[in-house]
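Have the viewer open as you read.

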Amino acid sequence: MLYRETGQYKTSYAADSVIFPIRQDRIGVMIVLAIAFVFMPLMMAFKIPPFRNDYILLAILLPFLILSLAAIGANILIGYCGQISLGSGAFMAIGAYMAYKFGTGISEIGLPPLPIVVSILLGGFSAAFVGILFGLPSLRIKGLYLAVATLAAQFFFDWVFLRVKWFTNYAPSGSVSAPELKFFGYLVSTPIEKYLVALIFVTIFALIAKNLVRGNIGRQWMAIRDMDIAAELMGIRPLVAKLTAFAVSSFIIGVAGALWAFLRLGTWEPLAFDINRSLELLFMVIIGGLGSILGSFLGAAFILILPILLIVVPAEIGLPITTETVSHLQFIIFGAMICFLLIKEPLGFARLWQIGKEKLRMWPFPY
Amino acid sequence: MTLKTVGLALAALGGAAMFAPAMAQNEQYVPILSYRTGPYAVNGAPYADGVSDYYNLVNLRDGGINGVKLQIEECETGYATDKGVECYERMKGKGPTGASFFNPLSTGITFALTDKTLQDKIPIITMGYGRADSKNGAVFAYNFPLLGTYWSAADIAMQHIAKELGGEGNLKGKKIALVFHDSPYGKEPIPTLEVLAKKNGFTFIPIPVTHPGVEQKSQWLRIRQERPDYVLLWGWGVMNGTSINEAASVAYPRDKIIGVWWSGAEPDVAPAGAQATGYKALMLQHGAGEFGVHGAIKQHVPNRLGKENFGQVLYNRGVVNAMLGVEAIRTAQKRFGNKPLTGEQIRWGLENLDLSAARLKELGFEGMMRPVKISCGDHEGARDGRVQQWDGKKWNIISDWYTARQDVTEPLVKDISAKYAAEKKITPRDCSKAD
């Protein structure tokens, strides 16, 4: 009932090829965007609970948005093109460090400090370039072997950013600090501003990604994922398809890495982008749903927010457990929930959402 | 899985999160960032116990600071920077006046919080760790690397080596290796050691160890090839024990290894057993043992957390650290009144902290530490240390007090803090006018 598309006639090609073909989806997306862009900042500005302080904004929404963006990037490669990658953390690091280098200027080649948006995008392009390089082996090796090759990228770049002092502008501690966050002459410093900047980036890239995956190139990726030999026989060139997937995925992950470093951490070291970050992104994609943009958001929310809730809730309701026990319990419950979820719904949250939509179509008169 | 279960679970979690208990108004909120899990838990736990026990002592024995009770909350960071930042965001606004100060016990988290605390006006106390250049309070108004920075530590270690060799002149031509945790923490002492290498004419060999430091075969193989005269160890957590074991397996004499004060506690040497005998480490003023304050904790805190680690090096460091924070609040109360204070007011208290020998005796810290006085230009306050040696069962103090030479570290502090100020567009305060 709520979700019936009956009566929505498409009378032109343009109407048939919009991003969200069903009216309810369009309205839903509009509402979500309105909440994210208008309602949340207003709540925050007037400090309406639960926004008593900037905790929710800075420690939950901001990392959620940025990690969602990274998960979208990872999903393009893993979920849409079927190339398992364990190097996502490395691409985030490349995005972060190269954006830092461009943002502070590269004196060796006489490059002055570039504007922040340009730096972030160039960080993304650097990651895309490296992504293509590390994507080359994917033309020969597949599956778990490719995962191991991308793992090499992870360890290589961990090493590079620790050892090559050029990347950290020769900071004695090896820890670098984001340049001044001036977006088009406007200095971003308050939590609301940071949130909005991240939101704008995520909205734009999510829309681009959504459009890419339903178009020509996205269909090529999916064909390669489903059966590469069949795809090749149909005239899809694996070289182009696989390398574009690596490039687009690394670009988005690189931008997310730059945002993570600039907006979230402010000061960072290579440990912020270690192997755990790669695994975290992989889990987000798997739990959220392989081959789904919405799934990337749901997966990011689950992996990021649930552990925080598991820590905060016992403390807030005043359960007398020690910090140590709470953090051990967190690991146990979180692990158990992942197992439970994957047994009950191996296709992730995106599938759950789809089931929900199908049910709503019939509701309240299911047969 | 049915949608209903998902919905119910979400609703339950969300509902519980909304529910927040009422807060007392006359309490000073004191957050503790700790780590009792992960590869650094062996060192994080005794420290956190010490901090917690001292705060409880103040509450139970004195009823708080001049009647203002401490409201304590612990947050587990696991030594991870992003978790630490999350804890910080969660805790900074709690209590009637917000968090008093933060004490991350991680150089990585300190680096990440330095900009944020400046904006939120909350002091960050990094006793014996953190950014060494934050000694310069003119630039780093909210950072307090109390009692010693890594640059001071490096200088004290080199002074001790010079003394063992029979004079500074004998350092010429020697080889000194630094085995360090490859993170901001481990890299901090390098500038000082480079300056000293140039000054005294010894060869300095930095040897990094990747986090968490359980794999050090190649590093110690290199030490066997290079045969340095001394090895400085800048490790933490499981890395320390591994280093000592590896030193034993390449037969590097343990009494030629000098650890920083974060590599000189019981959990660092105990796992290595007899192989650790002879190993030396710096002391951040205090060592192990029980002093006046320990008696008070035993008497007044029935449920103290420190049990088998009571009186150990890191437990004591937690106690000293908590005491400095409490005394800073007390100092600030003298000016702003006996009520819950904001981070900005406590910053003033920290900057004007002055603990005389008599006051330390009163607090039960006699014999544990020397007097300390903080000022705008000197957020470190004191830079004294001694050297202790592990005899297989306990730590023995083997040296007299050393004081880090200002002429070695001060140019570096000026130089690197000025760079930071320029990068962050901070105008340094005029310390002669600071109140």
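B:Asn66 is partly exposed, with a relative accessible area of 40%; here buried means under 20%, exposed over 50%, and partly exposed in between, using a 1.4 Å probe and protein chains only. You will find B:Asn66 in the loop between α2 (41-62) and β2 (69-76) of chain B, where helices (H or I, at least four residues) and strands (E, at least two) are DSSP runs numbered from the N terminus. Although B:Asn66 is not a glycine, its phi is positive, at about 50°.

Before going further, please note that this is a predicted model, in which local features need pLDDT of at least 70 and side-chain atom pairs count only at pLDDT 80 or more, while totals for chains, interfaces and linings use all residues. Residues are numbered from 1 along each chain as its sequence is written, chains are lettered from A and ligands numbered from 1 in the order in which they are written, and side-chain values use heavy atoms, leaving out hydrogens and water.

B:Lys121 also has a positive phi, near 55°, in a residue other than glycine. B:Lys121 sits in the loop between α4 (107-120) and β3 (124-125) of chain B and is partly exposed, at 38% relative accessible area.

Cis peptide bonds come next. One joins B:His211 and B:Pro212, with omega about -5°, and B:Pro212 belongs to the loop between β6 (203-209) and α8 (217-226) of chain B. Another joins A:Trp363 and A:Pro364, with omega about 5°; A:Pro364 is in the segment after α14 (349-362) of chain A.

Now to the charged side chains. Over all chains, the structure holds 37 salt bridges, each being a side-chain nitrogen of Lys or Arg within 4 Å of a carboxyl oxygen of Asp or Glu. Some of them are listed here.

| Pair | Closest N to O distance |
|---|---|
| A:Asp25 and A:Lys357 | 3.8 Å |
| B:Lys187 and B:Asp182 | 3.7 Å |

A:Asp25 counts as buried at 18% relative accessibility, whereas A:Lys357 is partly exposed at 22%.

B:Glu164 is partly exposed, at 31%, while B:Lys280 is buried at 7%. Elsewhere, B:Asp155, B:Glu168, B:Lys199 and B:Arg405 are linked in a network of salt bridges.

Finally, two helix pairs in chain A. Helix α3 (residues 55-80) and helix α7 (residues 191-214) pack at about 20°, with axes 10 Å apart; the axes are lines fitted to C-alpha atoms over the stretch in contact, and angles run from 0 to 180 degrees between N-to-C directions. Therefore α3(A) is roughly parallel to α7(A), given that angles under 35 degrees count as roughly parallel, over 145 as roughly antiparallel, 65 to 115 as roughly perpendicular and the rest as oblique. Helix α4 (residues 88-104) and helix α5 (residues 116-135) pack at about 135°, with axes 7 Å apart, so α4(A) and α5(A) are oblique to each other.
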